[in-house]
Amino acid sequence: MAQPFRIATAGRLGKADPVRFTFDGKSFEGLHGDTLASALLANGVHLVGRSFKYHRPRGMVSAGAEEPNALVGVHRDAARRAPNVRATVQEIHEGLNAVSQNRWPSLSFDVGALNDLASPFFSAGFYYKTFMWPKAAWERVYEPFIRRAAGLGEAPDRPDPDCYANRFAHCDVLVIGGGAAGLSAALAAANAGARVILADEQAETGGALRYETGAMIDGMPGWNWAQAVTADLAARDNVRLLTRTTGFGYYAQNMVGLVERLTDHLVSPATDQPRERLWQVRAKRVVLATGAIERHMVFPDNDRPGIMLASAARTYLNHFGVTVGRNVAIYTAGDSAWQAALDLKRSGVSIAAIVDCRPDPQGPHVEEARRLGIECLTGHAVTGTGGRLRVSSIKVRPVSGGAERTIACDALLTSSGWTPAVHLFSQSRGKLAFDAETQRFLPGNAVQELVSVGACAGNIDLGETVAEALKAGHEAAGGVARKLPKLAADSTERWSGGMLGAGEGAGAESTAKAFVDFQNDVTAKDIRQAVREGMRSIEHVKRFTTTGMATDQGKTSNMHGLAIAAEMLDRPIPEVGLTTFRAPYTPVTFGALVGHGKGRLFEPVRRTPMHDWAEAHGAVFEDVGQWKRAWYFPQAGEDMHAAVARECRTVRQSAGIFDATTLGKIEVVGPDAARFMELMYTNPWQKLGVGRCRYGVMLREDGFIYDDGVVGRLAEDRFHVTTTTGGAPRVLNHMEDYLQTEFPDLKVYLTSTSEQWAVIAVQGPKSRDIIAPLVEGIDLSDDAMPHMSVREGMICGVPTRLFRMSFTGERGFEINVPADYGRAVWEAVWAEGEKHGACAYGTETMHVLRAEKGFIIVGQETDGTVTPHDAGLSWAIGKKKTDFVGMRGLARPDLVAPGRKQLVGLRTRDPKTVLEEGAQIVADPDAPVPVPMLGHVTSSYWSENCGHSIALALVAGGHERMGETLYVPMPEGAITVEVTSTVFFDEKGARTNG
Amino acid sequence: MLLIHCPYCEEGRPELEFRHAGEAHIARPENMAELSDEDFERFFFIRSNPKGIVYERWRHIHGCARFFNAARDTVSDRFLTTYKAGEPKPDLDGEGK
Amino acid sequence: MADAIARTGALEGRFLNDEGITLVRAEPATRLLLRAPETALKPLSKALGLDLPQRPKASVSGGKRAALWLGPDEWLVIDENGGDLMEDCASVSAFHSAVDVSHRNTAVLVSGPRVEAVLNAGCPQDLSLDVFPVGACSRTVFGKAEVILWRTERDAFRVECWRSFSDYVFMLLEAASRDR
């Protein structure tokens, strides 16, 4: 029979469609609405994985997000292989393909289980002890061993083909958790007119009402009420209802991170449909209704498949219609597990026994169990279990001592009480308060605008929970007190009892494996050992034993671990402390966090208006910040070296055309513009004539070079400033900073015009001939428009700011035109250029040509520790100025001390040898180690125009070393170099007018 | 992500629009040229960096683009107040403790 | 001498129409970045034919011309008829800074019932009508780009960004549009 453990009369899936899926290659049938866990249990499968350290067989413990054991791989296709998926959360769909993890060769026969026999070697802290020595073994033995053994699932080895979405959202009231409390709060807040977001991690809202059969709300069974309220809320404009959505992180000022799973439950999602959506919600008020998490009992061999939480068995039965066994035993320290026995018994499942370690539990559930003829062993404890891949028996004895007895069973449900889910409250930086009477940490004073309601606030009464949640939602929405809504709610289930720490048979003298933390294989004995070895704070115990450090973050185990440590230390629980709850509450994919920001949207790719032309003409591009810049333009058969050599030659023989659009541009406007420029740059500006340009150097206050660029004066009160490509945003920020905060009285304003202008540099002896036919209204003669001048006029019928300037040492122009005209003007210039044999050149040629002239590039010759004096730019400092940013910094003792690294040229003895940029420079390569370093090569190229290699370098006392021989040590031997001037070509600078 | 009240935009805006700009109320000396090395060191290098209330500069760089000042508690990360550049340091005795 | 050439904007030919959302490249416009102290607002408003708004996030528009408050002394003026905004301001002698940024910016018109959700894929501001009503404008971020949002209708925004960021902005808008 298919699904032998499905009980037709139980649960809510009813006549749902059958769904076929596979687990470890074997085909199974489940029902639409099942989780992988419920579907496997319907087929009698408990064994789903091997534990992390000891490789012990493990099965489902829970029915929810707190699951420590049932982690599986879900493989949609070759690229979509999600590891460590909780089977209790994953919904099944037709064709779902799940595999077990951490086993070899198979789940039922796993070689790694030898670790279990060798467990004395893997006790607490073994990482810190075992692998200490010998040192050499670390690399060869320990690390490979740990790497192979570490981790559970297998990470996918291909790029993630899925897309993910991001959404910023704002609301008045954010409710986390859609159980009775959360729904009540959301309902009240929505009724009061608030903008509400309700998030629940399950596929359907309802929370504990999934299994709690005794609840009645508003005259309806609890589950039915939950679905009715959900439908009502979903239809409202002021409510956003998010299911399959986990509130995973609580950040400052009520920013809460939610992750919504959109497609993992679908058979074949559309390819452009995001798999997950990250919600970054800013809420005026937050209502936390996150419920409580049941704890297991800690006793010897409490981890066999088939041993699970009582509430989980109720969920599988009452919601999914699945019984977890045919002959089920119960071991509990509280009332709630009794209800599981009653539910199962009424569904026709045999109950082997109810074992309750309390001497005399009372209540209607106890009477009902006795009435149904269930064997009730109160004052008893389970001290061991039998079975290899599934629990088959339990050992029971009286707590007071006495004979042990074995009871056969095929499942064991345990409960030691409930831990309020205070994770998000704690993340919000609210302090937790320990309630000694109920042995629980509960939310204390909130430090953000939030309120906790229901089980996460310690409330165990449904009527009170609904009332307090309605009040919280109403008040969070700003509702008036007299309109506070009311709902009748009551439950036949009222639970008390529970215990923390190890039970009978797992006490201080026991060597048994009584698991506290299933996922990291931490036992009660490990915790005790940690204390014995000197750990006093729970933070130390945690790190020493790794308890609570697995992907479930100890949702079921932390309180047990704490209690055992406290008992060992003989101190009250709050004094031992609680470990910090950190985001995320449950694991979040990197995809969700990255959102849209991958692939083409990883970061903006900026292109100039002439980009497509360059691409069509074969340009190779390089990344400069976010910009794509044409690097060089290889012609047929050319490699980079040949292309750059040709471009360099052509520029100096005829002309070259270069896209300089990416340079930063700032318009400085106002009557105090020159005064402001005087403060921001080392140079004098007051006397710069309108229509003239100057090379400016900008320093930080510490005296080091920050940026440089050519500045043109367009009018008495208007400067056109250029910056380096990469420096554009920070230079504007730097200037705005001084203008707004230090010199606010200056009448000047700054505007970025970087992208207003496309810039076409035309450089070379033929440059004027090329542009002359296109320019209108500007006299281009040397008398009318000398080197370093700027004119406004027309080119190709559109306005231009035409600069006569040169970064190549040749006669040159930079044509600025409004960006949308850039491509057309470029093409017109290109057409003229072709008549003169001009070439298009890229950034590499630009670099070589400027280096031939000894022009620096900020960020290449400078590194934030270079002064204008070091760079040979003393001439650019206005000698009569009384202040500019960096002036005082420049006078600091170390900045004027002798021996500073200064910019020089280097020529290799062998003219063909091209030095490596970044290479170190020494005076004597044979000096004993450590060899004193004199400096390093900042730029180095083959210069076609010079016929030899050229380099710029920062060398200690370099200006005094002209003609000296120095050495650049390389792996193949030291390269001999001579210190020279930084100018390698046209030393007199005649060609700018040539 | 913090929500920062911009005194110029007169509303709380997401931190993504802002950039931190270091300690506030450190005026650039007007007599720069005459500053001793010790005074320059104090002005340029020395910062208080206390645990607790700090006065710091922010720029609403992707908003109104104005620099302004803020008092923030580094323990709770809570902004106590923000105010326009040039306004005096607010008196926050007893706040944020 | 060549005839005046036509503007070739970024985003030429880009368009998206999906359920509840439409992305259209805005027509080329004239733009002015205006910086001015309060003392110059009256003559500038007169010269431009618009009352420059002084409240945060406010805009004013008349005909095809609009002024958007960006900061306490900063406005973006947009003229969709190609009016010469620089010329209009040239006559104002009071201290101010007018800079032509017609080509610096590119704009995408985003409209449809899903417009808030699509913009909130990358913009962290609250764009609900209560907080960001029709006519509101703000410089902000959209993903990793800086943009200016201007709500022109209940379900329509103009998204201005720098020219070279427009490809990124448009692609992010497309990706957000696909998140239905």
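The model is predicted; local features need pLDDT of at least 70, side-chain atom pairs count only at pLDDT 80 or more, and totals for chains, interfaces and linings use all residues. Residues are numbered from 1 along each chain as written, chains are lettered from A and ligands numbered from 1 in the order written, and side-chain values use heavy atoms without hydrogens or water.

Chain C contributes 49 residues to the contact and chain A contributes 50 (heavy atoms within 4.5 Å). The buried area is about 4200 Å², with 57% from carbon and sulfur atoms (accessible area, 1.4 Å probe, lost by two parts on being put together, summed over both). Eight salt bridges cross this interface (side-chain nitrogen of Lys or Arg within 4 Å of a carboxyl oxygen of Asp or Glu). One of them joins A:R607 to C:D167, at 3.2 Å from N to O.

Chain C is divided into domain 1 (13-28 + 104-180) and domain 2 (29-101), with bounds from an automatic or database domain assignment. Their C-alpha centres lie 23 Å apart. In the contact, 18 residues of domain 1 meet 16 residues of domain 2. The two domains of chain C bury about 1400 Å² between them, 52% of it on carbon and sulfur atoms. C:C137, C:R139 and C:W150 supply 37% of the area that domain 1 buries against domain 2, more than any other three residues. Three salt bridges cross the domain interface. C:R139 also forms a salt bridge with C:E74, with the closest N and O atoms 2.9 Å apart.
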